[in-house]
Amino acid sequence: MDDHAFLAALQLGDSLFPSGAFTQSSGLETLVADGEVSDAAGLRALLRTHLRHRLARADLPVLLAAHAAAAVCDIDTILEADRLLAAVKLAREERTASTRMGRRIAVEAARQAPGPALTAFLAAVRE
């Protein structure tokens with residue numbers, strides 16, 4: 001990886017990157033308000049569940065499929081992976097937040113490291 005690509009990856013992974021992800025708590029406020037999460041143990045259990053049952057079983061497989069498809073510029077598979085991931089986000093607010101964050105990250109990634117798959121994906125998103 002060249003220095004420019006490495007620095008771009010660091011920027012995209014920075015917690016201060018303006019994707020909006022830091023404002024999304026996956027419903028934590030509601031769970032606290034409803035008394036479902038009331039202490040550190042409850043928060044640990046929530047995070048464990050989120051990592052094991054949501055991220056590992058939905059987001060990670062989609063990420064891997066999209067990454068493999070991007071390597072061969074298979075836009076149809078990337079778009080299908082995106083649609084499938086949106087389908088498992090049941091709450092409208094979660095889908096909206098995910099769409100906004102994804103669009104922001106894609107735009108910035110294209111600015112930092114443009115490529116044919118990303119350009120085609122953004123064109124399809126705009127349509």
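**Exercise 1. Is E108 buried or exposed in this predicted model?**

Step 1. Take the relative accessible area of E108, which is 10%.
Step 2. Compare this with the cut-off: buried means under 20%.
Step 3. E108 is therefore buried.

**Exercise 2. Which residues form salt bridges with E108, and where do they lie?**

Step 1. Recall the idea. Side chains of opposite charge can pair when their charged atoms come close.
Step 2. Apply the cut-off: a side-chain nitrogen of Lys or Arg must be within 4 Å of a carboxyl oxygen of Asp or Glu.
Step 3. The closest N and O atoms of R104 and E108 are 3.0 Å apart, and the two form a salt bridge.
Step 4. Place the residues. R104 and E108 both lie in helix α5, residues 92-112, and are 4 residues apart, about one turn of the helix. R111 and E108 are 3 residues apart in helix α5, again about one turn.
Step 5. R104, E108 and R111 are linked in a network of salt bridges.
Step 6. Check the exposure of the partners. R104 is partly exposed, with a relative accessible area of 31%. R111 is exposed, at 53%.

**Exercise 3. Where do E80 and R83 lie, and what joins their side chains?**

Step 1. Find the helix. E80 and R83 both belong to helix α4, residues 75-87.
Step 2. Count along the chain. The two are 3 residues apart, about one turn of the helix.
Step 3. Look at the side chains. They meet in a salt bridge, at 3.3 Å from N to O.
Step 4. E80 has a relative accessible area of 36%, so E80 is partly exposed. R83 has 49%, so R83 is partly exposed as well.
Step 5. Complete the tally. The count of salt bridges comes to 3.

**Exercise 4. Which residues make up the largest nonpolar core?**

Step 1. Start from the background. In soluble globular proteins, nonpolar side chains tend to be buried together.
Step 2. List the members. The largest nonpolar core has 9 residues: A69, I75, I78, L79, A106, A110, A117, F121 and L122.
Step 3. Find the elements. Those giving two or more residues to this core are α4, α5 and α6 (116-126).
Step 4. Leaving out residues up to four places away in sequence, A69 touches D74, T77 and I78.

**Exercise 5. How do helices α3 and α4 run relative to each other: roughly parallel or roughly antiparallel?**

Step 1. Two packed helices are described by the angle between their axes and the distance between the axes.
Step 2. Read both values. The axes of α3 (residues 40-71) and α4 come within 8 Å and cross at roughly 170°.
Step 3. Apply the cut-off: angles over 145 degrees count as roughly antiparallel.
Step 4. Conclude. α3 and α4 are therefore roughly antiparallel to each other.
Step 5. Describe the contact. A58, D59, V62, A66, A69 and A70 in α3 meet T77, I78, A81 and L85 in α4. These residues divide into 8 nonpolar, 1 polar and 1 charged.

**Exercise 6. What is R54 in contact with, leaving aside its neighbours within four places in sequence?**

Step 1. Locate R54. This residue is found in helix α3.
Step 2. R54 is partly exposed, with a relative accessible area of 28%.
Step 3. List the contacts: T49, D59, V88, K89 and E94.
Step 4. Look at V88. R54 and V88 are 34 residues apart along the chain, and their C-alpha atoms are separated by 9.0 Å.

Technical notes
Residues numbered from 1 in each chain as written. Predicted model: local features only at pLDDT ≥ 70, side-chain atom pairs only at ≥ 80, totals over all residues. Heavy atoms only, no water. Buried < 20%, exposed > 50% of the residue type's maximum accessible area, 1.4 Å probe, protein only. Core = buried A, V, L, I, M, F, W, Y, C linked by side-chain atoms within 4.5 Å. Contact = heavy atoms within 4.5 Å. Axes fitted to C-alpha atoms, helices over the stretch in contact; angles between N-to-C directions. Parallel < 35°, antiparallel > 145°, perpendicular 65-115°, else oblique. Nonpolar A, V, L, I, M, F, W, Y, C, P; charged D, E, K, R; others polar.
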